[in-house]
Amino acid sequence: MKTKRIALVGNPNSGKTTLFNAITGANQHVGNWPGVTVEKKEGSFTYRGATYDVVDLPGIYSLGAFSEDEIVAMDYILTDDADVIIDVIDASNIERNLYLTTQLLEMGKNLVIALNMVDEAEKREMKFDVAAMSRALGVPVVPTVASRDNGTEAVIKEAVKAIERKRVYQNPLTYSDNVSHHHEHMVELLEGKDLPYPPAWAAIKVIEGDSHVISRIEASTDDATVLNGITEFHKFHSSDNFELEIVDSRYAFAHRIAEQTVKRPPVEVVTLTDKIDKILINKYLGIPIFALIMLAVFQLTFAIGQDLLGGYAAALVEGLGVLIERFLIWAHSPEWLVSFMIDGVVNGVGAVVEFVPLITVMYLLLSLLEDSGYMARAAYVWDNLMRAFGMQGKAFISMIIGFGCTVPAIMSTRTMDNKKDRMVTMLITPFMSCGAKLPIYSVFIAAFFSDHGGLVLFSLYAFGIIVGLLMAKLFNKTIFKGETSYFIMELPPYRIPSTKSVMRSMWLNVSDFIKRAGTIIFMVVTIMWLLAVLPGSAEPYSQSSYLGRLGTLLVPIFRHAGFGTWQESVALFAGIPAKEAVVGTLGMLYAGQYMEEGVVLVNAVQQHFTSLTALAYMVMVLLYTPCAATISAVARETKSVRWPVAMALYTFAIGWFVAVLVFQIGSLFGFA
Amino acid sequence: MMSVSLTNLRAGEKGKVHAIAAGKYATKRLYEIGFNTSAHVTVIKNDAGPVIVSINGNKVALGRGLAHKVMLAKDQ
């Protein structure tokens with residue numbers, strides 16, 4: 001027997017993924033802003049001995065889709081064979097959410113409603129008559145608080161029952177007389193034509209002029225009467241606008257249900273959210289507060305992740321290194337193995353692992369920000385300024401996500417329905433400094449700017465934003481001319497981040513970082529090590545090794561930026577597969593070069609750089625070609641080869657140019 | 001009944017959506033997000049930047065350009 005499928009559908013930020021995690025035990029990323037989930041996610045669970053597949057979809061407001069993420073959800077609903085849909089509704093926003101429910105009912109979908117976040121609605125003194133709602137809609141309604149796993153069991157139970165029961169098609173809507181009249185005729189035309197949809201629904205979609213559905217109907221039949229009938233209808237009614245009439249009937253239905261089953265307080269309760277917003281999105285304070293929040297994030301990241309915990313991680317890696325070395329010598333291992341394990345693995349990969357506490361703290365703070373509801377506010381306060389650079393506020397959410405990792409930042413642009421906005425945002429997200437670059441800055445900051453770690457870090461990130469905005473302006477003036485799209489953003493209520501979800505999000509990122517250290521970083525460092533000790537005739541780690549020769553070729557490129565030794569050049573090259581490898585490679589090369597025990601990377605960096613060249617190097621790392629994962633994400637999202645290649649080259653050029661500028665101007669003023 | 005643009009309402013003022021004079025897509029978007037005909041809207045913030053309104057207690061921010069195209073019948 002085929003495994004039964006359950007799909008989660010609902011408005012953005014209604015808690016589908018939270019419910020998905022609760023049902024399946026999965027660990028998908030959640031956050032408190034509309035548009036966290038941009039692709040279809042699958043999972044499964046077992047209930048009373050039977051296994052069920054669950055599909056989590058991006059949020060949609062209606063069945064007419066605009067952006068990439070919405071198209072994924074809409075396509076699934078239009079073509080899938082899910083046995084039941086769990087329609088997740090944000091209880092405190094019931095009317096708007098019921099608008100989508102209405103469309104699903106109209107379509108004849110087998111539904112179970114999860115009336116989610118009832119706790120928040122109750123805080124606003126809303127009361128629900130769940131039984132009456134269920135009767136009025138003709139489908140089961142289950143109140144839930146998915147974040148606390150309340151009602152999950154009951155939803156599963158109802159969904160399983162609904163699968164067995166199946167829903168009999170019955171259109172709950174009454175349309176205006178005008179629309180009803182055309183509807184009857186259209187149903188007659190479509191009845192019995194073996195279309196993939198119920199005729200009553202197909203007919204209303206034709207009248208509404210829904211191009212997605214019409215093209216599907218036209219593709220599914222070659223019946224001339226149907227095809228001609230549809231064309232004739234639109235030709236004849238080209239000046240009529242039935243769409244808004246139909247939308248109004250849907251809203252009237254949703255409104256009626258809400259009136260009948262939800263009690264609201266006579267005066268809206270002033271929530272804590274309203275009070276907080278008075279300050280956080282104030283006309284004058286909005287952007288300064290944003291800057292303060294980011295500054296706090298970086299200060300805390302440094303204070304806790306580096307100063308407080310960093311030492312332990314470094315000591316642990318060092319201790320492990322000594323242990324491994326003693327063991328290898330005790331076991332009479334060949335010299336090359338000792339060299340590989342110590343110089344390559346311990347000093348290379350270890351140099352990256354040392355930064356686990358640092359990035360753990362940063363991801364923890366970023367996920368607190370994501371869960372709090374502040375992201376949508378950041379988009380709001382930046383909208384005006386972003387507009388001056390030809391972008392809109394929504395792009396700013398992608399940019400903040402980029403502080404964690406550029407790959408999800410690029411994927412998050414799927415929520416933008418304007419193609420131009422989306423392309424420009426993708427092209428500038430690499431300038432938002434990601435978590436993998438943090439270890440690099442950290443080494444240079446420890447070597448030269450240890451008194452002002454948080455501030456230097458904050459300045460680098462801020463500089464990344466500035467370069468990004470300037471480039472956006474340039475793109476808007478040249479290759480992406482045209483209107484910037486309108487800004488519509490829901491501002492969800494602030495929530496105290498749940499420990500579970502913050503820990504989950506942090507763990508997802510940290511475990512990914514550790515996994516990368518064990519896989520791609522290990523691979524890159526291994527290749528670098530091989531190139532550094534070969535050929536056998538050359539002195540290992542010297543300029544006559546393969547790596548030395550390669551680095552020497554690159555040296556002239558970077559000479560003007562002040563970091564013209566082959567090690568420094570080659571480390572930047574190693575950073576293209578993955579940014580952490582810059583630190584890994586420097587750690588391996590310096591350790592090999594000095595051939596003494598316990599060479600601390602920071603000390604080696606102090607010998608090879610000055611504070612000015614360190615600054616230029618950090619700026620280069622901030623801006624130059626993003627990692628391979630990012631480049632391939634751009635290839636995937638744009639379905640092209642041209643854009644990722646263009647991105648890799650232009651970011652390199654910008655990085656190089658600015659690094660040279662920093663070094664040359666700095667030298668001019670006598671810094672060194 | 002006089003209809004005014006959303007941008008003309010000050011914080012605290014209320015109105016009922018009367019018409020939307022934006023393009024087809026933007027209009028549909030606005031409809032979906034709750035600006036359907038006769039929806040009650042309370043302006044929360046209208047100074048610099050996007051206008052924030054509350055529809056049934058849920059806040060939505062609209063860019064000024066778009067907010068300008070939402071016509072309301074202002075409550076007295």
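**A first walk through the model**

Tutor: Let's begin in chain B: E32(B) counts as buried, because its relative accessibility is 1%. Bear in mind that this is a predicted model.

Student: OK, and which residue does the side chain of E32(B) meet in a salt bridge?
Tutor: That's R29(B), with 3.5 Å from N to O. R29(B) counts as buried too, since its relative accessibility is 7% and the cut-off for buried is under 20%.

Student: Where do E32(B) and R29(B) lie?
Tutor: Both are in helix α1 of chain B, which covers residues 24–32. They are three residues apart, about one turn of the helix.

Student: Which residues are joined into one network by salt bridges that share partners?
Tutor: That network links E106(A), K205(A), E208(A), D210(A) and R250(A).

Student: How many salt bridges are there over all chains?
Tutor: The count comes to 25. Another one of them pairs K161(A) with E158(A), at 3.6 Å from N to O. These two sit three residues apart in helix α6 of chain A (residues 152–165), so about one helical turn separates them.

Student: Is K161(A) buried or exposed, or partly exposed?
Tutor: Partly exposed, because its relative accessibility is 39%.

Student: Let's switch to helices. Which helix of chain A is largely enclosed by the rest of the structure?
Tutor: Helix α20 of chain A, residues 419–428. Nine of its 10 residues are buried, so the rest of the structure largely encloses this helix. Among the buried ones are K420(A), D421(A), M423(A) and T425(A).

Student: What covers the buried residues of α20(A)?
Tutor: The cover includes several helices of chain A, among them α2 (68–79), α18 (394–404), α22 (453–477) and α30 (642–668).

Student: What about sheets? Which strands form the six-stranded open sheet of chain A?
Tutor: The order is β2-β3-β1-β4-β5-β7, and the pairing is mixed. β2 and β7 (141–143) are the edge strands, each pairing on one side only.

Student: Which side chains of β2(A) point to the buried face?
Tutor: K41(A), G43(A), F45(A) and Y47(A) are the buried ones.

Student: How do β2(A) and β3(A) pair?
Tutor: They are antiparallel, over seven bridges. T46(A) stands opposite T51(A) in β3(A). Two residues lie between the strands of this hairpin, and R48(A) takes a positive phi near 50°.

Student: And which way do β4(A) and β5(A) run?
Tutor: Parallel, joined by six bridges. I86(A) stands opposite V112(A) in β5(A).

Student: Which strands form the seven-stranded open sheet?
Tutor: In order, they are β9(A)-β5(B)-β4(B)-β3(B)-β2(B)-β6(B)-β1(B), with antiparallel pairing. The edge strands are β9 (488–491) of chain A and β1 (3–5) of chain B. Helix α17 of chain A, residues 374–388, lies across β9 of chain A together with β3, β4 and β5 of chain B. The helix runs at about 140° to β9(A).

Student: Last topic, the nonpolar core. Which residues touch the most other members in the largest one?
Tutor: Y441(A), F563(A) and Y617(A), out of 120 residues. In soluble globular proteins, nonpolar side chains tend to be buried together.

Student: What is Y617(A) in contact with?
Tutor: Leaving aside neighbours within four places in sequence, its contacts include F444(A), F563(A), E568(A) and L572(A). There's also a second, separate core of 61 residues, including A82(A), Y197(A), V213(A) and F242(A).

Notes: Residues numbered from 1 in each chain as written. Chains lettered and ligands numbered in written order. Predicted model: local features only at pLDDT ≥ 70, side-chain atom pairs only at ≥ 80, totals over all residues. Heavy atoms only, no water. Core = buried A, V, L, I, M, F, W, Y, C linked by side-chain atoms within 4.5 Å. Buried < 20%, exposed > 50% of the residue type's maximum accessible area, 1.4 Å probe, protein only. Contact = heavy atoms within 4.5 Å. Salt bridge = Lys/Arg side-chain N within 4 Å of Asp/Glu carboxyl O. Helix = DSSP H or I, 4+ residues; strand = E, 2+ residues; numbered from the N terminus. Pairing = 2+ DSSP bridges. Axes fitted to C-alpha atoms, helices over the stretch in contact; angles between N-to-C directions.
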